[in-house]
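Biologist: I'd like to learn how to read a few features here. Could you give me the general idea each time, and then the case at hand?

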Amino acid sequence: MKAGRLEPREKQSKLRSLFRRQIFIPIAALLVLVIFNLITNPSFFAVKLDYNSAGNPVFTGNLVTILDNASELAILAIGMTLVTAASGGQDISVGAAIAIAGSVTLRVLCGDNARPETLQAPIIVAFLVCCVASMLFGAFNGTLVAYFKIQPMVATLILYTAGRSIAAWINNNTLPNISEPSFGYAGNFIPGIPVPTPILIAIACMIVIALVLKFTTLGLYTQAVGINPNSSRLNGINPAFIKFITYVILGLCVAVAGFIKVSRFSTINYSVVAKDIEMDAILAVALGGNALSGGKFNMAASILGAYVIQFLTTTLYAFNVDSSALPAYKAVVVIILVVLSAPTFQQKLTRLKKKPKMAAAAKEGN
Amino acid sequence: MQEGAVLEMRGICKYFPGVRALQDVDFTLREGEIHALMGENGAGKSTLIKVLTGVYEKDNGEIFLKGREGAVNIRSPQDAQNVGISTVYQEITLCPNLTVAENMFIARTKSKGVNWGAMNRRAGEILRSLDIPAAPTQQLGSCSIAVQQMVAIARAVDMECKVLILDEPTSSLDEQEVQKLFKLMLDLKKKGVGIIFVTHFLEQVYEVCDRITVLRDGQLVGEYVIEDLPRVQLVSKMLGKDLDEMADIKKEHTGEVDMSESGVVLEAHQLASVAGIKPFDFQIRKGEVNGFTGLLGSGRSESVRALFGADRTTSGTIKIGGKTVKIHKPLDAMKHGVGYLPEDRKRDGIVGDLSVRDNIILAMQVMRGFFRPISRAKAEEYAQEYINLLEIKTASSDTPIKSLSGGNQQKCILARWLLTNPSYLILDEPTRGIDIGTKIEIQKLVLKLADEGKSVTFISSEIDEMLRTCSRLIVMRDRKIVGELKGEDLTQAKIMATIAGGESAS
Amino acid sequence: MARSNSTVKGERLKPQRTGLSDTNLLLIITLAVFLVMYVAAVVFLGSGFRKPQTFFNMLNENAALIILSCGMSIVMITGGIDISVGTMTALVCMTCAVNLDYQSGTIASAIGLALMIGVLYGLVQGYIIAYLEIQPFIVTLAGMFFAKGMTTIVNADQFNVANESFQALKLTRINVPGMGSVNKLGNYVPAYVEIGVIVAVVIVVLLFVLLRWSKLGRNFYAVGGNQQSANMLGINVKRTKFLAHFLCSVLASIGGFVYFLHVGSGSPSHASGYEMNAIASSIIGGTMLTGGVGNILGTFFGVMSLSTIKNIVSSLGLDEAWWSNITVAAMICLFLVIQSVVLLRKNKK
C-alpha cells in the first residue's frame with residue numbers, strides 16, 4: 001500500500017454512492033411529491049373501481065391518471081435516452097413526428113374518406129405502416145446526424161419545422177374521425193381489463209428495452225460511441241451505424257406513442273397533438289441525471305424522470321392551477337431539481353460546510 | 001523567502017477523490033535558473049504546475065513570489081498571468097478557431113478593444129524572429145501540431161514574465177525546434193527569468209538544466225544541483241528502486257522466429273491507403289518482433305493503420321496465414337487475429353467514462369457480436385485476471401478509466417487486446433508519455449508475447465527502445481519504405497543514417 | 001548525431017497559405033445564396049419583388065426576429081443555446097400591453113418593464129448556466145416554460161393595445177430616401193420602414209463591431225472554440241459565458257418590445273416557435289451550434305433568406321399553410337448539407 005493512495009474500499013464506497021446518486025434524484029423527487037400530496041390530501045392516491053359509459057369496470061383515481069398520461073412520455077424517454085447517449089444531442093422533432101405517425105395511421109384506416117363507415121384496413125396493418133413510416137423519419141434524422149455529422153438538434157430542427165405540415169398534407173388537411181370503438185382500445189380501455197391500455201403498453205415497452213439491453217450489447221455500444229467514437233471505431237464498432245440505429249429506435253418509440261395518441265381521441269389535431277412533448281422527453285432524460293452531452297446513461301432513471309414530470313403536472317392540476325399557467329410552476333420545480341443535483345452546486349455546499357472545519361484544522365496544524 | 005528566489009512553494013497539498021496527488025511538497029525556483037521537475041507519471045508534476053497556475057485550487061500550503069508581500073493567492077490562470085507566471089502546457093491549450101495572432105495575444109491586453117493591424121504586425125515579427133512557419137492571420141486549426149506548440153511557446157515567452165513554466169513542450173517538436181526552444185530558454189535565463197522545465201527526456205534535462213527537483217507519489221524526494229546527480233541516480237530516485245530492471249531485458253528472450261513456409265502470419269502486397277502512404281510490401285512471421293521507424297509524418301503510423309483497416313485502403317492485398325483476406329474495417333482485421341494499440345491513447349484508445357472492466361472487454365465483446373453480450377460475472381473475471389496479470393493500479397474494475405494514470409490506462413488497452421488472444425499485435429507508441437517503470441514492463445511483455453509464438457509490430461519514437469525489442473526494423477521516409485535493417489545493422493548510427501537517407505543524421 | 005537517446009521527429013513543415021477562416025467561408029455561402037435567391041425572385045417572379053417596399057416589408061416583419069437571432073448567435077458562438085427567447089417575447093408583449101392599457105403606463109414604463117424582464121432573465125439564466133455549470137439547454141428550457149406560464153398568469157387572453165401615444169409610435173413610418181414605387185393610381189409612394197427596423201439595424205451594427213473589435217467579442221469566440229484552452233489562456237470563461245447569456249436575454253427583451261411595437265397586442269401565442277426560427281436563422285447565417293464559428297452579418301442575412309423563401313412560396317401561389325414550413329425545412333436541410341460538405345472537405349485537405 002503506497003502512502004499516496006487511500007484505501008481501495010473507501011474509494012469504492014464513494015464511487016458506489018455516486019452511482020446511486022444518479023437514480024437518487026428522480027426517486028427523491030417522486031418521494032417528495034408523494035409525501036407532499038399525502039399531507040395535503042390523504043385521499044390523493046385512492047384508486048376506485050368504477051364503470052365507464054360502456055359499462056366496463058375501470059380503475060379511476062389520480063394515481064391511475066398519472067400512470068396513464070405518462071405512458072407516451074415514458075415510451076419516448078426510452079428512445080431519447082439512447083439517442084442522447086450515442087449522439088450527444090437530442091431529437092427535437094419527436095412531437096412533430098408523433099403528428100406524422102398519427103396522421104399515417106388515420107390515413108391507412110380511413111383511406112380518402114375522412115368519416116369512413118367501415119375501416120379501410122385492419123388496425124394492425126395501420127399500426128405496422130405507422131411504425132415503418134416513423135422509422136423512416138427516424139432514419140432521415142439518423143442519416144443527417146450519423147453520416148453528414150450535423151449536430152442532432154440542428155438536424156432534427158428540419159423535421160421539427162416541417163413535421164406538422166407533412167402530417168396535415170398526408171390527410172389533405174382534413175381531420176379524419178374514426179367511429180369504430182375497437183380503434184380506441186389502445187388509448188383507453190380494452191373491455192374487461194380495468195387498467196388503462198397505455199399503462200400496459202408502456203410496461204411492455206419497458207420490458208422490451210430491458211430485454212434488449214440485457215441480451216444485446218446495445219447499451220455498451222451506445223455508451224462507447226457517445227464517449228469516444230474514434231476509439232469505438234478502432235475496436236470494431238461502427239459508430240455511425242450505432243448513432244443511426246438509435247434514431248431508428250426512437251422512431252419506433254414515436255410510432256407507439258403516436259398510435260396511443262390518436263387512439264385516445266380517435267382523431268387528430270395536427271398543430272396541437274403532442275405539442276412540446278419533445279421538451280418533456282428531453283427533460284425526462286435530464287431529470288434522470290443523464291448528461292445531455294452523451295455517454296453514460298441510466299435507462300431506469302430516465303423513465304422515472306418521465307413519471308416525475310407527469311406526477312408534477314397532475315399534482316398541480318389537483319391544486320386547481322390553470323392548465324396554461326402550468327409551465328411556469330413546472331419550470332420552477334425543474335430548476336430547483338437540476339440546481340440541487342448539479343455537482344458544482346453540491347461542491348459549493350460542501351465547501352461552505354467544510355470551511356469552519358478547515359480553518360480549525362489549519363490552526364491546529366500551526 | 002530565500003535569497004535570489006523568484007518563487008517558493010511551501011507545503012503544497014492537493015487531494016482528488018481517493019488520491020492524495022500532492023502531499024506537503026516544497027519547491028524553490030531561483031532567479032535565472034532552469035529547473036527540471038522530474039518524476040514518473042502520476043508523481044504529481046502536472047498537478048503541482050496546475051496548482052501554481054491556478055487551474056487547480058490547492059488544499060493546503062503557501063506560494064511566495066519575489067516582490068510580493070506574503071503568500072500570493074492564485075485562483076485562476078488569469079491571476080497567474082497577472083503575477084508574472086506564464087505557462088506552456090503539455091497538451092495544446094490554444095483555440096483552433098482563432099487566428100495565430102489572436103492566440104498569441106488574447107487575454108493579454110488591458111484595453112477593451114482589439115487592434116488587428118498592430119496585433120498582426122507584432123505577431124508577424126515574433127513569428128519571424130522565432131522562425132515559425134505560420135502567418136499571423138492563419139486560422140490556428142490549420143497549422144500542424146508542432147507549429148501550434150511553437151505558437152504557444154511564442155505566446156508564453158513574449159509575456160513579461162518572472163516565471164516561465166514549460167510542461168513537456170518538446171513531445172511534439174522535432175530536433176531543430178527543440179534546439180530553437182533551448183536557445184530561447186538560455187536567452188531568458190540570462191535576463192533573470194526562472195524557468196520550470198518538465199520533460200520525460202533525460203537528455204534534454206542534462207543539456208539545459210541547472211537544478212532538478214524529483215517528485216514521487218505526490219511527495220518531494222529532493223532538490224539537487226545537476227552536477228551532483230548522475231543520470232542513473234536520477235532514474236533510481238524517480239523510480240524509488242535500483243536499476244537492475246533496466247538491464248538488458250532481451251536476455252531471456254529466445255528470439256526464435258519461425259522461418260518456415262507456413263510461418264508467415266501476415267503479408268501485405270503493394271498496400272496503400274487514403275492516408276497517403278505509397279504502396280508498400282510487408283510481412284511478419286510467427287514469433288517475430290519488428291518495428292517501423294522514421295520521422296514523425298514519415299508514414300510509420302499510417303502503414304500499420306492500413307494493415308489494421310483503420311484507414312481505407314486504396315490498393316494492394318493482404319494475406320493472413322497464406323490466404324488472401326479483405327480488410328475494409330477494423331473488425332475484419334480483428335476477426336483475423338490482428339490487434340492494434342493506437343498511437344494517441346486519449347483520442348483513439350480509452351473510452352474515458354466507461355469503467356476499467358468495460359474498457360478491457362470492449363474488443364472481445366465486439367468480436368463476439370451484438371447479440372452475445374458477455375455476462376457481468378464473466379466480464380469481471382476477465383477484468384480481474386488482467387488487472388492482476390499486468391498489475392494495473394486501480395481502485396476497482398468499476399473505476400472509470402479516465403481517473404487512472406497514463407501508464408495504467410495504457411495497460412488496460414493492452415489488456416483489451418491480449419484478451420482477444422491475437423496472433424499479430426500492432427503496438428503504435430505504447431510507451432509514449434509513460435513512466436520508465438511501466439515502459440520496461442511493456443517492453444518485457446512484448447518479448448514474452450513473441451516467445452509465446454505471437455507476432456508483434458512495435459513502434460516507438462525512442463530508438464533505444466526499438467533496439468531493445470525489435471529483431472527487424474523497417475525504416476520509412478516520405479511515406480514510403482526506404483530500408484530494412486536486421487542483425488548487425490541494428491545500431492543507432494545505422495538507423496539514423498538510413499532515416500536521413502545516406503547522409504549523416506544531424 | 002550527438003545524442004544517443006534522441007527522438008525521431010518530423011522535419012520542418014513549410015508555411016501554409018492563409019486560407020479563409022471557417023467563419024468567413026460560411027458567411028460568403030450565406031450571402032451568395034441570399035443574393036441568388038433574391039435576384040432569381042426579381043427576374044422570374046417579377047412585379048412584387050421589384051418594388052423596394054417588398055424588401056422593406058421583409059425588414060418590418062422581421063425586425064424582432066433579427067434582434068432575437070443576434071442574441072442567439074452570440075450564445076451559439078460561445079457554444080451555448082437559449083430556447084427561452086420566443087416565449088420571452090410573448091411575455092414582454094403581454095406585460096407591456098397590460099402595463100399600457102390596464103395600469104395606465106407610459107411608453108417609457110413599458111420599455112423599462114421589458115428591459116427589466118430581460119435583465120432578470122439574463123441574471124438568473126446566466127448565473128445558473130455559467131456559475132452552476134448546468135447545461136444551457138435545460139436551463140433555458142425551464143426559462144421557456146416559465147415565460148409561457150407567466151404570460152397567461154399576467155393575462156390569459158389576447159387583446160389589442162389602445163394607448164394613444166403607443167399607437168402613434170407604432171404607426172410611425174420612416175421614409176427611405178430615394179426609394180419608392182408608383183402605385184396603381186399613378187402616385188409615387190415612398191418606401192418606408194418602422195421604428196423597429198432602425199433598432200434592429202443599430203443592434204446589428206453594434207454587435208458586429210462588438211464581435212469583431214472588442215476583447216469581449218473575441219473572448220466569445222475563444223470560449224466557443226475550446227473552453228479549457230480559453231481558461232488556460234487566462235480568459236474568465238465563466239464570466240464570458242454569463243455575459244453571453246445575459247446579452248442574449250436582454251436582446252430578447254428588446255426584440256420582444258420591437259415585436260410588440262409591430263403587432264400592437266398582447267397574446268400568449270405571440271412569437272410562438274420564434275426560438276427555433278432564431279436558431280434556424282443563425283444556422284443559415286453560418287453560425288455553428290458547436291461554437292466558435294459565426295457572424296452577426298450572416299445572421300442578419302439568415303433571417304432575410306428565410307423571409308425571402310417564404311415570400312417566394314406564397315407568390316408562387318402555394319397558399320396551403322404547409323408549403324411554407326416544408327420549404328423552410330428543405331432550405332435548412334440544404335444549408336446544413338452544404339456547410340457540412342464544405343467544412344468536411346476543407347478539414348480533410
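Modeller: Let's start with polar contacts: a polar contact is a pair of N or O atoms within 3.5 Å; within protein, one must be able to donate a hydrogen and the other to accept it, and residues adjacent in sequence count only if both atoms are side-chain atoms. Here, the side chain of C:His262 reaches the backbone oxygen of C:Asn60 at 3.5 Å. This is a predicted model, where local features need pLDDT of at least 70, side-chain atom pairs count only at pLDDT 80 or more, and totals for chains, interfaces and linings use all residues. Residues are numbered from 1 along each chain as its sequence is written, chains are lettered from A and ligands numbered from 1 in the order in which they are written, and side-chain values use heavy atoms, with hydrogens and water left out.

Biologist: Which residues does C:His262 touch, not counting those up to four places away in sequence?

Modeller: A contact means heavy atoms within 4.5 Å. By that rule C:His262 touches C:Asn60, C:Glu61, C:Lys170 and C:Glu194.

Biologist: What percentage of chain A is buried?

Modeller: Buried means under 20% relative accessible area, with a 1.4 Å probe and protein chains only. In chain A, 53% of the 366 residues are buried.

Biologist: And how is chain B divided into domains?

Modeller: Domain bounds come from an automatic or database domain assignment. Chain B has domain 1 (5–242), domain 2 (248–337 + 423–429 + 453–506) and domain 3 (339–421). The C-alpha centres of domain 1 and domain 2 of chain B are 36 Å apart.

Biologist: What box do the C-alpha atoms of chain A fill?

Modeller: Taken along the principal axes, roughly 90 × 55 × 35 Å.

Definitions and conventions. Buried means under 20% relative accessible area, exposed over 50%, partly exposed in between (1.4 Å probe, protein chains only).
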